[in-house]
Amino acid sequence: MKNITCIDDLRQVARRRVPRAFFDYAESGSYAEETLRANRADLERIKLRQRVLVDVDKRDTSTTILGEKVSLPIALAPVGLCGMQHGDGEILACRAAQAAGIPFTLSTMSICSIEDVAESVRKPFWFQLYVIRDRGFMKALIQRAAAAKCSALVLTVDLQVLGQRHRDIKNGMTVPPELRLKNIIDIATKPAWALSVLRGKKKTFGNLAGHVKGMENVNSLAQWTAQQFDPTLNWKDIEWVKSLWPGKLILKGIMDADDAKTAAKTGADALICSNHGGRQLDGAASSISMLPKIVDAVGSDIEVLFDGGIRSGQDVERALALGARGCMVGRAYIYGLGAYGQEGVAKAIEIIRKELDVTMALTGVRKISEIDGRVLVDASVAPRFKPKRRAAAKKKKR
Ligand SMILES: Cc1cc2nc3c(=O)[nH]c(=O)nc-3n(C[C@H](O)[C@H](O)[C@H](O)COP(=O)(O)O)c2cc1C
């Protein structure tokens, strides 16, 4: 991996190693992919402020997210079908995250099940839950996450109907891949991938297969999933989930200041400012452009996490400067997983760590808590709310 120096290098290798249908599945956004592109373009527009002659000898990228100590302010985002990027992908990514000291989030739509991952790793991980019509099954999933000692439940609220991804339809993207001639030829040229997936614990949706009555074969499972996302999803459902899950709750997919205020009132521990990596509402604003508004709307009532377009440590510093407590990373680690399995995920995290560390030095900060609007050329885009200073002011008054 000597020549791998940035996330895009991992992406190039993944593109060669992973069958087209699954690589495209990871890459794609919905419809015209306007929001997918906006996520990156708007991050790149935020310019960092170069500072000099500040002693930055001792730097520390560690912080806390939801009270958990983390070695850097990122967590691996829930990503469906990791086990189709590399056999046992969920287990490998979780191991890499835990070795690096950051949280891993297992998707409902994973290949390895909650139990597969729990028995293969040493520490608790986060579990992401979709709201589905079959509430009995959902309740059972929450209980399984609790039995596996998951340390947080990430409830995704932006997928009650599915945004269309053109490339998935054109590629015949199913699990396992639809046996079209094109796909067979493609897989035949990726023997390392085929071997890793064949050796993997599961080849279908591990959290669903065997748990949903009469849904043992893959096609009916796929149909079941499409029918099961619940368009009736509303704020009252959060109360119901809370009644079943006493642990930490994170609401994922908040893109509006009013929704953020309501999210804070639910008593959830955190929200994630996210547009699902540009995979749902196409034409939505980039998530980075909404972040400061959301931070200002909720103040210190709820922790605000961020995702959408993070590909470097520079991006992490940008999001933190705009008020995020931490960032979820999606595609950046998926490229590592597709390229080199567990080592590739570890490499992706390491790349981001080193970039963040150097970026902190060159913007004149030593600690994560020092990152705010002052590291930006245009500080006016940062939220007005300053968590630390407000806390300090409160103390003084007392
Ligand atoms: C291939 C892929 C699959 C995803 N699957 C899920 C999922 O199962 N559940 C979920 O809440 N979010 C899912 N997401 C969204 C991510 O959790 C995250 O919001 C997004 O990837 C962040 O953008 P980024 O990829 O630019 O970092 C998925 C994203 C990708 C790219």
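Reading a sheet and a ligand shell

Modeller: Let us begin with the ligand in this predicted model, where the shell is made up of 10 nonpolar, 11 polar and four charged residues.

Colleague: Which residues around the ligand come nearest?

Modeller: There are 25 residues around the ligand, and those that come nearest are Ala77, Gly80, Ser107, Gly277 and Gly330.

Colleague: Which elements each supply at least two residues of that shell?

Modeller: At least two residues each are supplied by α2 (20–27), by β10 (326–329) and by α15 (331–362).

Colleague: Now for the chain as a whole, how many helices and strands does the secondary structure come to?

Modeller: The chain has 16 helices and 10 strands. Its radius of gyration is 20 Å, close to the 21 Å that the globule rule gives for 398 residues, so the chain is as compact as a globular protein of that length. The C-alpha trace spans about 65 × 50 × 40 Å along its principal axes, and buried residues make up 49% of the 398 residues.

Colleague: In what order do the strands of the sheet stand?

Modeller: Eight strands form an open sheet with parallel pairing, and if you follow them across, the order is β3-β10-β9-β8-β7-β6-β5-β4. At the edges stand β3 (74–76) and β4, and because each has a single partner strand, one side of each is left without a neighbour in the sheet.

Colleague: Which strands pair with β5, and over how many bridges?

Modeller: Strand β4 (residues 105–106) pairs with β5 in the parallel sense over two bridges, and here Leu106 has Phe127 as its bridge partner in β5. Strand β6 (residues 152–156) also pairs with β5 in the parallel sense, over five bridges, and in this pairing Tyr130 stands opposite Thr156 of β6.

Colleague: What kind of unit do β5, helix α6 and β6 make?

Modeller: Together with helix α6 (residues 135–147), the strands β5 and β6 make a β-α-β unit, and this unit is right-handed.

Colleague: Which way do the residues of β5 point, and are they buried or exposed?

Modeller: The general idea is that side chains in a regular strand alternate between the two faces of the sheet. In β5, Trp126, Gln128 and Tyr130 point one way, whereas Phe127 and Leu129 point the other way, and all of them are buried. A residue counts as buried here if 20 or more other C-beta atoms lie within 10 Å of its own, and five of the five residues in β5 (residues 126–130) are buried, which leaves the strand mostly covered.

Technical notes
Residues are numbered from 1 along each chain as its sequence is written. This is a predicted model: local features need pLDDT of at least 70, side-chain atom pairs count only at pLDDT 80 or more; totals for chains, interfaces and linings use all residues. A residue is near a molecule or strand if its C-beta atom, placed from the backbone, lies within 6 Å of it. Helices (H or I, at least four residues) and strands (E, at least two) are DSSP runs, numbered from the N terminus. Ala, Val, Leu, Ile, Met, Phe, Trp, Tyr, Cys and Pro count as nonpolar, Asp, Glu, Lys and Arg as charged, and the others, Gly among them, as polar. A residue is buried if 20 or more other C-beta atoms lie within 10 Å of its own, exposed if 12 or fewer, and partly exposed in between; C-beta atoms are placed from the backbone. Two strands pair if DSSP finds at least two bridges between them. A crossover is right-handed if, with the strands pointing away from the viewer, the path from the first strand over the helix to the second runs clockwise. The radius of gyration is taken over C-alpha atoms; the globule rule is 2.2 Å times the number of residues to the power 0.38.
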